[in-house]
Amino acid sequence: MVPLRCLDLESIMDNEKKLLVIEDEVAILTFLRSSLEQSGWEVLEARTGRIGLDLAASRKPDVILLDLGLPDQDGLDLLKALRKWTSAPIIIISARGHEKDKITALDSGADDYLTKPFGVPELMARLRVALRHAEQGVDDVPPVYEHQGLHVDLIARRVKVKKKEIHLSPMQYDLLAALVRSAGRVVRQEELMRQVWGEHRDASPETLRIFVHQLRHKIEPDPVRPRCLKTEPGVGYRLESPVP
């Protein structure tokens with residue numbers, strides 16, 4: 001018979017979750033690590049946005065804690081960059097406690113917002129909620145798309161065709177990135193226009209068709225017979241699923 005104590009330990013190890021903390025204050029990192037490791041979390045630390053982005057891609061954390069005041073970039077910009085390819089819950093931890101700051105962060109893709117200073121019980125409660133929501137969500141989009149010679153790196157924002165890097169305008173890239181995030185599924189015209197041009201847009205379906213036409217001439221060997229970017233008549237567009 002296996003002792004109950006051993007079973008408990010194995011259960012904790014099996015259920016261990018990864019938490020990425022993107023924060024430059026050493027005291028807060030130390031506080032979070034000592035508090036959360038005791039509760040069974042594996043804590044990953046990043047003191048800059050660049051390191052945080054790399055760790056998010058390579059280690060695939062279950063939850064991300066993100067400070068808005070980073071030394072190398074604004075936390076909101078990093079939040080938007082992460083949301084381009086990961087669905088992991090992101091909780092903002094910041095000294096910025098104004099309602100406007102919270103609304104901006106939540107509208108930019110954050111799942112929750114904790115104002116410093118905060119206590120461990122409150123943080124643990126927010127983490128439990130984040131995990132419950134994540135279990136009901138969808139899998140992360142792979143940060144790199146590969147299909148028919150087309151290579152799209154959502155982290156580096158680079159696009160290659162047959163290993164040759166190509167230049168896209170910001171709008172062309174946003175359109176391609178939106179399709180990559182839904183690769184294999186049809187994306188309705190209205191949804192693409194919302195993602196690329198925003199809610200208050202001047203774009204029309206004709207504008208979208210023009211951009212799709214331009215994009216095909218840059219990423220398809222034969223734009224007339226596209227192998228990656230397909231049209232679903234009357235509905236929208238679909239980027240073929242990447243090679244497994």
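1. Strands E7 and E8 make a hairpin in which four residues separate the two strands, and Arg157, in the turn, has a positive phi of about 60°. The model is a predicted one. E7 and E8, the latter covering residues 158-161, pair in the antiparallel sense over four bridges. Within that pairing, Val159 of E8 is the bridge partner of Val152.

2. On its other pairing, E7 meets strand E6 (residues 144-147), again in the antiparallel sense and over four bridges. Val152 in E7 is the bridge partner of Tyr145.

1. Strands E7 and E8 make a hairpin with four residues between them, and Arg157, in the turn, has a positive phi of about 60°. The model is a predicted one. E7 and E8 (residues 158-161) pair in the antiparallel sense over four bridges. Val159 in E8 is the bridge partner of Val152.

2. E7 also pairs with strand E6 (residues 144-147), in the antiparallel sense and over four bridges. Here the bridge partner of Tyr145 is Val152 in E7. The hairpin of E6 and E7 has two residues between the strands, and Gln148 in this hairpin takes a positive phi near 50°.

3. The side chains of E7 (residues 150-153) deserve a remark. Leu150 and Val152 point one way from the strand, while His151 and Asp153 point the other way. All of these residues are buried.

4. These strands belong to an open sheet of four, in the order E6-E7-E8-E9, with antiparallel pairing. Its edge strands are E6 and E9 (164-165), each pairing on one side only. Helix H7 (residues 170-181) packs on this sheet and touches E6, E7 and E8. The direction of H7 makes about 95° with that of E7.

5. A further open sheet has five strands, in the order E2-E1-E3-E4-E5, and its pairing is parallel. Strands E2 (41-46) and E5 (112-115) are the edges, each pairing on one side only. From one strand to the next, the twist averages 20°. Within this sheet, E1 (residues 17-22) and E2 pair in the parallel sense over six bridges. One of the residue pairs is Lys17 with Trp41, the latter being the bridge partner in E2.

6. Where does Asp67 sit in the chain? Asp67 is in the loop between strand E3 (63-66) and helix H4 (75-83). Asp67 counts as buried because its relative accessibility is 4%, and the cut-off for buried is under 20%. The side chains of Asp67 and Lys116 are joined by a polar contact of 3.4 Å. Leaving aside residues up to four places away in sequence, Asp67 touches Ile22, Glu23, Asp24, Gly75, Ile93, Ser94 and Lys116.

7. With residues up to four places away in sequence not counted, Asp112 touches Ile90, Ile91, Ile92, Leu106 and Arg126. The C-alpha atoms of Asp112 and Ala130 are 8.1 Å apart in space, and the two residues are 18 apart in sequence.

8. The count of aromatic pairs comes to one. The pair consists of Trp197 and Phe211, with ring centres 5.3 Å apart and planes at 80°, so the pair is edge-to-face. For that label, the planes must be over 60 degrees apart. Trp197 lies in helix H8 (residues 189-197) and Phe211 in helix H9 (residues 205-219), so the pair ties together parts that are 14 residues apart in sequence. Both Trp197 and Phe211 are buried.

9. Some totals for the chain close the note. The secondary structure comes to nine helices and 12 strands. The chain has 244 residues, of which 41% are buried. Of the contacts between residues at least 6 apart in sequence, 57% join residues at least 24 apart.

Methods. Residues are numbered from 1 along each chain as its sequence is written. This is a predicted model: local features need pLDDT of at least 70, side-chain atom pairs count only at pLDDT 80 or more; totals for chains, interfaces and linings use all residues. Side-chain values use heavy atoms; hydrogens and water are left out. Buried means under 20% relative accessible area, exposed over 50%, partly exposed in between (1.4 Å probe, protein chains only). Contact means heavy atoms within 4.5 Å. Two strands pair if DSSP finds at least two bridges between them. Axes are lines fitted to C-alpha atoms, for helices over the stretch in contact, and angles run from 0 to 180 degrees between N-to-C directions. A polar contact is a pair of N or O atoms within 3.5 Å; within protein, one must be able to donate a hydrogen and the other to accept it, and residues adjacent in sequence count only if both atoms are side-chain atoms. Rings of Phe, Tyr and Trp (its six-membered ring) pair if their centres lie within 6.5 Å; planes under 30 degrees apart count as stacked, over 60 as edge-to-face and the rest as tilted.
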